[in-house]
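Good morning, colleagues. Please turn to the display.

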Amino acid sequence: MTPGDELAPLTVPVTRTLIVAGAIASRDYQDVHHDAELARAKGSPDIFMNILTTNGLVGRYITDHFGPRAVLRKVAIRLGAPNYPGDTMTLTGTVTAVEARPGGSAVHVRVVGANGIGHHVTGTVVVEIPAEETR
């Protein structure tokens with residue numbers, strides 16, 4: 001793994017079930033994440049994904065790529081365009097730095113999750129990789 005390497009993209013269908021289940025699982029009971037009528041009353045065209053679900057999807061993207069022994073050390077994300085039901089989010093990643101550490105390495109990855117209206121999430125992740133797992 002070297003700076004400039006790109007991770008394979010991950011395509012995530014944004015379903016109503018994913019949005020609601022993610023909100024419930026993270027105990028985020030804000031109506032804009034499960035009630036379309038109330039979300040519209042607040043100015044949104046529909047319910048939308050919460051940041052905790054997005055954070056989980058970013059973590060999944062990184063650990064799916066680096067393997068089950070990878071440890072997320074830092075996840076710093078920022079939300080942009082909402083994820084609405086019926087859209088698709090595609091996560092992409094680019095390695096920006098690799099630090100040698102005792103027993104492995106720390107890989108810094110720039111992550112972008114784009115949907116039909118723009119960038120839903122941008123950020124950086126630092127993942128620790130054991131030496132035998134470094135690619």
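Please bear in mind that the model before you is predicted.

With that term in hand, let us turn to N83. Its side chain makes a polar contact of 3.3 Å with the side chain of H120. A polar contact of 2.9 Å also links the side chains of N83 and N115.

Where in the chain is N83 found? It lies in the loop between β2, residues 71-79, and β3, residues 88-101. Is N83 buried or exposed? N83 is buried, because its relative accessible area is 0%, and buried means under 20%. Setting aside neighbours within four places in sequence, the residues in contact with N83 include V14, I19, I47, F48, M49 and M89.

Along the principal axes, the C-alpha atoms fill a box of roughly 55 × 25 × 20 Å.

Of the 135 residues in the protein, 40% are buried. The protein exposes about 7100 Å², and carbon and sulfur atoms supply 54% of that area. As for charge, there are 12 positive and 13 negative side chains, with the centres of the two sets 4 Å apart.

Finally, consider contacts between residues at least 6 apart in sequence: 66% of them join residues at least 24 apart. Thank you for your attention.

Key:
Residues are numbered from 1 along each chain as its sequence is written. This is a predicted model: local features need pLDDT of at least 70, side-chain atom pairs count only at pLDDT 80 or more; totals for chains, interfaces and linings use all residues. Side-chain values use heavy atoms; hydrogens and water are left out. Helices (H or I, at least four residues) and strands (E, at least two) are DSSP runs, numbered from the N terminus. Buried means under 20% relative accessible area, exposed over 50%, partly exposed in between (1.4 Å probe, protein chains only). A polar contact is a pair of N or O atoms within 3.5 Å; within protein, one must be able to donate a hydrogen and the other to accept it, and residues adjacent in sequence count only if both atoms are side-chain atoms. Contact means heavy atoms within 4.5 Å. Accessible areas come from the Shrake-Rupley method with a 1.4 Å probe; for residues, only the protein chains shown count as cover. Lys and Arg count as positive and Asp and Glu as negative; His and the chain ends are not counted. The place of a charge is taken as NZ of Lys, CZ of Arg, CG of Asp or CD of Glu.
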